[in-house]
Structure formats: structure tokens, C-alpha cells
Amino acid sequence: MIVSRDIQTVKSAVARRARIGWRRMSAQLSRVGRPVILMYHRIADEPFDPWGIAVSPDNFAEQVRWLAQGRTLLSLPQFADLHRSGQIPDDAVAVTFDDGYACTAKIAAPLLDRFRVPATIFIAAGMHGRVRLFWWDELAQIVMTYPGTTIRVLDRTFGLGERQRGDRAWPRDNRKRTARQQGFYAVWAALQPLPSEKIEEALAEMRGHHASPAADETHRLMTPDEMRSISSPNIEFGSHAMTHASLPSLTRHEKAREIRDSIGACEQLVGARPISFAYPFGDYDRESRALVADAGFACACSVEGRAVAPGDDIFALPRIKVGNWTGRRLGRELAQIGYAAAKGT
């Protein structure tokens, strides 16, 4: 028994020293920085999150508080301007939101305003006020509640399997666990490259088979009134094209219309011309980049997940997708990103 107690004492001491060492290393790492642009989408407690884009309200509040205390916060235009001139601080952070979900106005904006955190909200201006849901969210509602085991979409039949209790639990690791989840992803992948008109045709066909449930508050888009209610001088609106179409799959004329028409549509919605652009789905090609630059935007963002490095194209800035992390975890993630960037990995 004495030997056992001695061993346990040694183990406890080793564990205590390890904890102290980890805290010290974490404190040192937290000071390692590289300029980053953060990418958010939804602020919600969400069990069905295949893309890992939902951050809970509690965790988001922690993250905003940590950013306000631990980083140099810049608006995206300021960030881009300092990056262009080579004068951006190593610990600079710009915050962005894609898609313009209602939770951005209801939950995120008040917290951003309270902590004076600048942010850019990218909206698909042709969608707001016209639809309540993005097509992928309506697709999920249709597929997950559809009673049959196959569904017909645009002359193709997709297998869905029998509905299961676990269909609506899709964690953030993106693994498709059930047949219904695999079927949803197959339909999504078939629709994603298509023009918005073709996607709407497919949705209309599916609605004919099975009416989707009413849109819930956590998935709907901001209304024009909600956009105009965001009065913080720290929050600006940027363009996410007109209909959130994947630009490389379009003709040059269609790309130009998606990009250029979004300027006037966005200005009509929020009363200010957008100067920042985010490529829908992060998809872009050389032609899309040139059209964005020619349209007069100051910068554009992709979804390449890394810190911004010297020499990065101002019209293809990388962004870090933020996970459902605590504030402390966000600090560790940014420190690791900064450390990797410093090492050149």
C-alpha cells in the first residue's frame, strides 16, 4: 500500500507539472500571430451540421470577447489595404460572415457591436426578400422528411434509404453515417455546380413529390428590414454575388451578371455600395477574379483555410473557417495557425 501511494504521488506530481507546462506553452503560443480572416456562417446550436458552419451562441460570445481582448481587429477593407501595403500587424484579424442568415442580425450583430468588433456580412443580394431559405437548407428539409426511399431529381434517381432516427444528427466531422445522409449529399453535389435557375427547377420538382416543412428561425435568411436594423458603424455588407451560384460553372456573361448586378442590388438593400466580395462556395477561376476586380471591388475572399501571407492576391484572400470552439480554443487554433505559418508549413 505504501508503494502504491508513492506511485500515485509521483503520478500526480508529473500530471501537475504537465498541466503547468501546458499552460505556460499555451500562454506563449497565444502571442504567436499571423494575419487571419475569420469566416462564420450561422450562430446556432445545430445537430445537423455537415459542413461544420454553426457556432453556438455561447461559444460565439466567448470568441468575440477573446478577440476583443487578444487581437488587433480590423475591418476587412482596412485589413486588405494594410496587406496590400505590407504594413499589416502580425496579430491582425478581420471577421466575416457568409450568406446573411437571420441569426447574424439577431445574435451576432449585437455582440459584435457590444465589443466593437468590425465585421463584414456577405449577402447574396438577389435572394434576400425573395426566398426564406437557401436551396441547400430546403434540400435538407425535403430529403430528411421525404417518406420514400428514392427521389427523382432532374431525370436522375437518387437512393435515400429508409428514414432513421440518426438522420438528423450529423456532427461537424462531415462523415455521412446513414443512407439518408449519403443521399442528401449526392443530391447536393449534383445541384451545387448548376445555375440558380436549374437548381430552382430541381427544388420545384422535389416539392411536387413532397412539400418541405415550414422554414425555422435558425435557417432563414435575413429580411431587408433586419439588414437595415444593423446600425453599427463597425459592420458593413459585402457581396456574395446575386444568387450564390458557383461562378466557375457559369458562362462569362452569367458570371458578369452575378458579380456586377450584385452591386446595385446590395446597395438597394442596405443603402451602401459593397466594396468587398466573397466567392460563393469559395469557387473562383481566373475569369471570375478578373470580373470582380473590374467591377470595382477592393478585395475578395476565398475559403482557403490558412493565414494571410505576404504576396497573397488581394482578390483571393484565404480565410479560416471558425469551428464551434470556446474562446480559449479559438486562441489556441489561431496560435497554431500562426506557428505553422511562421515555420512555413
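Here are some numbered notes on this predicted model, from the overall fold down to single residues.

1. Ground rules. This is a predicted model, where local features need pLDDT of at least 70 and side-chain atom pairs count only at pLDDT 80 or more, while totals for chains, interfaces and linings use all residues. Residues are numbered from 1 along each chain as its sequence is written, and side-chain values use heavy atoms, with hydrogens and water left out.

2. Overall make-up. The protein chain has eleven helices and twelve strands; these are DSSP runs numbered from the N terminus, with helices being H or I of at least four residues and strands E of at least two. Of its 345 residues, 49% are buried. Here buried means under 20% relative accessible area, exposed means over 50%, and partly exposed is in between (1.4 Å probe, protein chains only). Take contacts (heavy atoms within 4.5 Å) between residues at least 6 apart in sequence: 69% of them join residues at least 24 apart.

3. The cores. A nonpolar core is a set of buried Ala, Val, Leu, Ile, Met, Phe, Trp, Tyr and Cys residues joined through side-chain atoms within 4.5 Å. The largest one holds 67 residues, and Leu38, Tyr40, Phe60 and Leu67 have the most contacts inside it. Helix α5 (residues 135-145) gives the most to this core, with seven residues. There is also a second, separate core of 30 residues, which includes Leu76, Ala92, Ala245 and Val308.

4. Leucine 38 up close. Setting aside neighbours within four places in sequence, leucine 38 is in contact with Leu67, Val93, Ala94, Val95, Thr96, Ile320, Val322 and Leu334. Leu334 is also among the buried residues of α11.

5. Helix α4, worth a look in the viewer. α4 covers residues 102-114, and its end C-alpha atoms are 18 Å apart, in agreement with the 18 Å that 13 residues should span. The expected span is 1.5 Å times one less than the number of residues. Even so, α4 bends by about 45° at alanine 108, with proline 110 following within four residues. That bend is the angle between axes fitted to the seven residues ending there and the seven starting there.

6. What α4 packs against. Its buried residues are Ala102, Cys103, Thr104, Ala105, Ala108, Ala109, Leu111 and Leu112. The buried residues of α4 pack against β2 (42-43), α2 (57-70), β5 (92-98), β6 (119-123), α8 (224-229) and β9 (235-239).

7. Strand β9. Five of the five residues of β9 are buried, so this strand is largely enclosed by the rest of the structure. Ile235, Phe237 and Ser239 point one way, Glu236 and Gly238 the other. In a regular strand the side chains alternate between the two faces of the sheet. β9 runs parallel to β6, joined by five bridges; strands pair if DSSP finds at least two bridges between them. Within this pair, alanine 119 stands opposite isoleucine 235.

8. Helix α11. With 17 residues (327-343), α11 reaches 24 Å from its first C-alpha to its last, close to the 24 Å expected. Gly327, Leu330, Gly331, Glu333, Leu334, Ala335 and Gly338 are buried in α11.

9. Cysteines. Zero disulfides turn up in a search of the whole structure, a disulfide being a pair of cysteine sulfur atoms within 2.5 Å. The sulfur of cysteine 299 has its closest cysteine sulfur in cysteine 301, 5.6 Å away, so that is too far for a bond. Cysteine 299 is buried at 0% relative accessibility, and cysteine 103 is buried at 5%.

10. Glutamate 46. This residue is found in the loop between β2 and β3 (54-55) and counts as buried, at 11% relative accessibility. Not counting residues up to four places away in sequence, glutamate 46 touches Ala54, Arg172, Thr218 and His219. Glutamate 46 and tryptophan 170 are 124 residues apart in sequence, yet their C-alpha atoms are 9.0 Å apart.

11. Positive phi to check. Aspartate 155, in the loop between β7 (150-153) and β8 (156-159), has phi near 65° and is exposed at 67% relative accessibility. Phenylalanine 281 has a positive phi of about 60° although it is not a glycine. Phenylalanine 281 lies in the loop between β10 (276-278) and α10 (286-294) and is partly exposed, at 24%.
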